[in-house]
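Colleague: I am new to reading protein models, and I would like to go through one with you, feature by feature.

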Amino acid sequence: MTSNQLSQYEENGFTILPGLLTHAECEEAIGHMMALQACEKKLEGFGPREPDNWGRTHNQHLYDPMAMKLLLHPALREPLDQCYGGEAEGIQTMYFWKGSEQRRHQDQYYLPGCMSAWIALQDVSEANGTIYVQPGSHKKHLLTRADLTEKLGDEHDVVWGEAYNNGVDEIFEQNGGEEIPVEVSKGDVVLFHGILIHRGGPIKDKGSFRHVMANHYIPYAFDEWPHRTWPRFDFDGVKRLHPKPDAV
Ligand SMILES: O=C(O)CCC(=O)C(=O)O
């Protein structure tokens, strides 16, 4: 990553790394995911799913070597280490066949300490539902459960519900900056900070595909990680359950 890209990450909360994956790598991943969805390929841990169920996967790297390959892609190692100023560990994957049209949120609400490598496996634009980000919002307030509990009481649905997204919308307004669509080409990777406010934009070209793997990482040295049963993977493929290392 160039010093310019690192400054963009630090200033804006995101940066684009063009052509980090080859077109062949992108096509291989897409082919794999389409074959899984069509039940042409079998994989323990995946499906079977309804033909029109394009809902994203969660933590597919735990049962699928292809997803693990994308989570720990060697080209991601140095840029992530540069952003963190130290080693990163992979902790979450989400595969999107189509845009999420998800409301505004901050990933560190769910995954403290995290940042994201969002891999575009095809060209992504406003037409097929790209993400929108509010540049600089990573330097502003992170909405927490404590904030919501203080405001709304100890309600169960606060964690995932509408109240959370409304709260992020309020912070978005208070921050005051515009949001922008992130338009990228096949093989590009968007690195973004876990406090950056973002959302899945509308899919203007209805029904279109938008193949993206969204990876999440935390710093190796991060001890306050709350999801203690989630394995952490370093870029040498070493898996550990906090705090005990365990070679895989
Ligand atoms: O790709 C998307 O539409 C949403 C991704 C996202 O919100 C995330 O990775 O946190």
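Modeller: We will take the ligand site, then a sheet, then the backbone.

Modeller: This is a predicted model, in which local features need pLDDT of at least 70 and side-chain atom pairs count only at pLDDT 80 or more, while totals for chains, interfaces and linings use all residues. Residues are numbered from 1 along each chain as its sequence is written, and side-chain values use heavy atoms, with hydrogens and water left out.

Colleague: How far is an oxygen atom of the ligand from a polar side-chain atom of arginine 210?

Modeller: The distance is 2.8 Å for arginine 210. For aspartate 107, an N or O atom of the side chain is 2.9 Å from a ligand oxygen, and for tryptophan 118 the corresponding value is 2.9 Å.

Colleague: How are the strands of a sheet held together, and what is the order of the open sheet of three strands?

Modeller: Strands of a sheet pair through backbone hydrogen bonds, in either a parallel or an antiparallel way. Strands (E, at least two residues) and helices (H or I, at least four) are DSSP runs numbered from the N terminus, and two strands pair if DSSP finds at least two bridges between them. In this open sheet the order is β5-β4-β7, with antiparallel pairing. Because β5 (180-181) and β7 stand at the edges, each with a single partner strand, one side of each has no neighbour in the sheet. Three bridges join β4 (residues 131-133) to β7, and tyrosine 132 stands opposite arginine 199 in β7.

Colleague: What joins glycine 47 and proline 48?

Modeller: Most peptide bonds are trans, and most residues other than glycine have a negative phi. Glycine 47 and proline 48, however, are joined by a cis peptide bond, with omega about 0 degrees. Proline 48 lies in the loop between α2 (23-37) and α3 (65-71). Cysteine 39 is also placed in the loop between α2 and α3, and its phi is near 60 degrees, a positive value in a residue other than glycine.

Technical notes:
A polar contact is a pair of N or O atoms within 3.5 Å; within protein, one must be able to donate a hydrogen and the other to accept it, and residues adjacent in sequence count only if both atoms are side-chain atoms.
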